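Can you walk me through how a few of the labels on this model come about? I'd like the cut-offs spelled out.

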Amino acid sequence: MQWTEKIYCYIQTVPQKGKRYQDWIRDGLSLGRIVFDPLYMEFDQQILPFSVAIQEKILETLPITENFMLRMHDQWSETVIQCHNGILFERHYFTKEQFEQNRALLFDYITIRMEQATFAYIRSYDEFLYHNLEQPNYRKMIEPEEEMIDYPKKRNSQGEVIIDGNYFAGFDIFHAGFCLTSCWRMYFSSAYRAILPLNLIKEVQQVERVVELENGTIFVELYPDPYRWNSPANLHFQRMFRNQLGIDQLSWLTGVGVLREPYVEYRTSFNTLQIIQYQNDYLQPVPKSQATHFVTRMYNPVTEEEQVERIKGTLNTQAYFPLINERQRKMKTVITLFVDQTIDEGLDAYEFYLRQYLAIDVQDKKYQQYTPVVTFFLPDEYVIRIPLVKLKERMSDVLFSKEKVGRKKSVCSVKKGEVQLQVEFLPLSSIYPIEKASHSS
């Protein structure tokens, strides 16, 4: 396909009230007017010829407490200001020529914007589309249909089959209202302390640079040239940044999770967030099974207290089965799957996790003496619809036994070689309120 070579700039903020609210929006529109000559202004389902007078008239009547979208554009470029649920989103789409002529201006603008904004990024618009288009019909605009065949699919909240965006390194997710992604230039405000320790961002590896700005913003640049985003090296840097922040683990409840081995794992207990980073002998980030060094961060988002422990060693039983029941001599891991979003009854996910735990090679005595249990929490109606026959056909090298399907609990035992697991399938309503358990995002 022919790439647009446009640059996309995104800024997210919680707006201040009163005159500053209008000034913020006016500044965003002013940037657009500096970079290109707008022809039209769209607001409230009306398209009007652009003029400063029309702009100001709209700003005077802007509903501060309501959702709205304001769009200023010509044939090639546009500036969009949107308010949704109390958050302001500012988006700019510039041609390559416009960006190159105003590069320094845009960088300074973002830096000043980040004195109040929560998050911002600048990236190739082509890269954004490639990593964020989930609707197959729209995706045909950027790549041939045959290239989409092997991409993982899922169902959205309307039941439509879409491509699972979590598969892509530059996919944008929103966790507790905060944007998390991986792209050319990113700006994280100090507000991100509410969801993770800022040191996790400051210490990322395999990036072009990480700088803490005077206003406390953490600026990350993954690679030098935004237009070469699809080179193998730059795609690698993009994937590694996503891996190191554990973005896929934070977006766990968006479906079945990304079926890849983690580089970082998150566990929550009361007011404490435990983050485990996996590294090799050179202290570089690696998948969990390859780790020889472990960085454990205990972080309290309320007090912003952080304790860091770095140790060298090997993975033990508790790294895979963190819940230990000494009385019953069982060790357990828990996996939440919204299989109602899958198109294969959850088969890919079941097989991935079972094979992962059947392949564990740990030497401590507890693993030999305790029963390892893998517990899947599922939407209630799926507990009695476990596709065991199909799963056994897929995993013909694995022995399934002790199968029992019930409304409140389904169980089976799986064995390969010397490794045997007890597998439980439990309803989500047993740990979440019913309305949350039945929700699909």
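Q: What should I know about the ground rules before reading any values?
A: This is a predicted model, where local features need pLDDT of at least 70, side-chain atom pairs count only at pLDDT 80 or more, and totals for chains, interfaces and linings use all residues. Residues are numbered from 1 along each chain as its sequence is written, and side-chain values use heavy atoms, with hydrogens and water left out.

Q: How do you know how confident the predictor is?
A: From pLDDT, the predictor's confidence in each residue, from 0 to 100. The chain averages 92, and 96% of the residues score at least 70. Residues 434–441 fall below 50, though that stretch still has 13 contacts (heavy atoms within 4.5 Å) in the model beyond near neighbours in sequence. Where pLDDT is low, the predicted coordinates should not be read in detail.

Q: Why is Phe376 called buried?
A: Buried means under 20% relative accessible area, exposed over 50%, and partly exposed in between (1.4 Å probe, protein chains only). Phe376 comes out at 0%, so it is buried. It sits in strand β21 (residues 371–378), and, not counting residues up to four places away in sequence, it touches Tyr350, Tyr353 and Phe425, among others.

Q: Why does Glu351 count as buried?
A: Its relative accessibility is 18%, so it counts as buried. Glu351 lies in helix α11 (residues 347–358); helices (H or I, at least four residues) and strands (E, at least two) are DSSP runs, numbered from the N terminus.

Q: What makes Glu42 and Arg71 a salt bridge?
A: The rule asks for a side-chain nitrogen of Lys or Arg within 4 Å of a carboxyl oxygen of Asp or Glu. Here the closest N and O atoms are 2.6 Å apart, and the pair is a salt bridge. Glu42 is in strand β2 (residues 40–43) and Arg71 in strand β4 (residues 68–73), so the pair ties together parts that are 29 residues apart in sequence.

Q: How do you know that Arg193 and Glu304 form a salt bridge?
A: Their closest N and O atoms are 3.4 Å apart, and the cut-off in the rule is 4 Å. The pair links distant parts of the chain, 111 residues apart.

Q: Which label does Arg297 get, buried or exposed?
A: With a relative accessible area of 1%, Arg297 is buried. Its salt-bridge partner is Glu203, which at 38% relative accessibility counts as partly exposed.
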